Amino acid sequence: MRVVSLVPSLTEAVALSTPGALVGATDWCTHPAELDVARVGGTKNPKTDRIIALAPDLVIANEEENRAPDLAALRAAGVEVLLTEVRDVPQAFRELDRVLDACGTRSRPRWLDEAEAAWSALPRPSRRTTAVVPIWRRPWMVLGRDTFAGDLLARLGVDHLYAGHAERYPRIPVEELRAAAPDLVVLPDEPYRFTAEDGPEAFAGLPCALVSGRHLTWYGPSLAEAPRLLGEALRAAHR
């Protein structure tokens, strides 16, 4: 089986579960750190000719992270494309099972069992917190409706204020974000790299939680430790 992955979290999942299957991945596929495969460009601008030249049996993609025209070009060249959709935590586990099965994984990996157990064993939050969750700056964009990261945060007791917005990633002026008066501002380090020096200053007087984007938005092996690490980061913001 020769697999090209256009989704960083699924790249990590396949690399750890079916060693040797991956022959190509995007420039943004940073995990595992020792991954040594052909690089095929970005998630939004993959080099389709390079992918086709690798003669993959399967290309793994995601309806949100990858563009339909690129996937259509691969299919037109006779390449099989497995398109995933992940909008909540249960769906993430279903799609991971589907991807690994398609890649020829012989048995369910231990990390996947551990991840599912970690999320199913979450205690009921003792209190709920409201938040805004910027994912980009210039312009400011936040989590809106029907997102994996939003569902993940809700399971940790954090309700983001734009969950009912008509758009999935709406552009909201920062003045409006501040006026919404959330209990918390959640600032991930991807896709925009918010840091202690870049982000919190826009929300003076509001607690800000700097969190790992990999643990907030990736659906793969990082799910096993995400509840603990995100929970620690969210609690630290209130101290």
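This is a predicted model: local features need pLDDT of at least 70, side-chain atom pairs count only at pLDDT 80 or more; totals for chains, interfaces and linings use all residues.

Trainee: In what order do the strands of the open sheet of 5 strands run?

Mentor: The order is E3-E2-E1-E4-E5, and the pairing is parallel.

Trainee: Which strands stand at the edges?

Mentor: Strands E3 (38-39) and E5 (81-84) do; each has a single partner strand, so one side of each is left without a neighbour in the sheet.

Trainee: How many bridges join E4 to E5?

Mentor: There are 4 bridges between E5 and strand E4, residues 58-62. Within this pair, Val 59 is opposite Val 81 of E5.

Trainee: Which strands does helix H1 touch?

Mentor: Helix H1 (residues 8-17) packs on the sheet and touches E1, E2, E4 and E5, with its direction at about 165 degrees to that of E2. Helix H3 (residues 68-76) also packs on the sheet, touching E4 and E5, and its direction makes about 155 degrees with that of E5.

Trainee: Another topic: is Gln 91 buried or exposed?

Mentor: Gln 91 counts as buried because its relative accessibility is 14%, under the 20% limit. The residue belongs to helix H4 (residues 89-102).

Trainee: What is the peptide bond from His 31 to Pro 32?

Mentor: That bond is cis, with omega near -5 degrees, and Pro 32 sits in the loop between E2 and E3. Glu 190 and Pro 191 are also joined by a cis peptide bond, where omega is about 5 degrees.

Trainee: And where does Ala 55 lie?

Mentor: Ala 55 is in the loop between helix H2 (48-53) and E4. Its phi is positive, near 50 degrees.

How values were computed
Residues are numbered from 1 along each chain as its sequence is written. Side-chain values use heavy atoms; hydrogens and water are left out. Helices (H or I, at least four residues) and strands (E, at least two) are DSSP runs, numbered from the N terminus. Buried means under 20% relative accessible area, exposed over 50%, partly exposed in between (1.4 Å probe, protein chains only). Two strands pair if DSSP finds at least two bridges between them. Contact means heavy atoms within 4.5 Å. Axes are lines fitted to C-alpha atoms, for helices over the stretch in contact, and angles run from 0 to 180 degrees between N-to-C directions.
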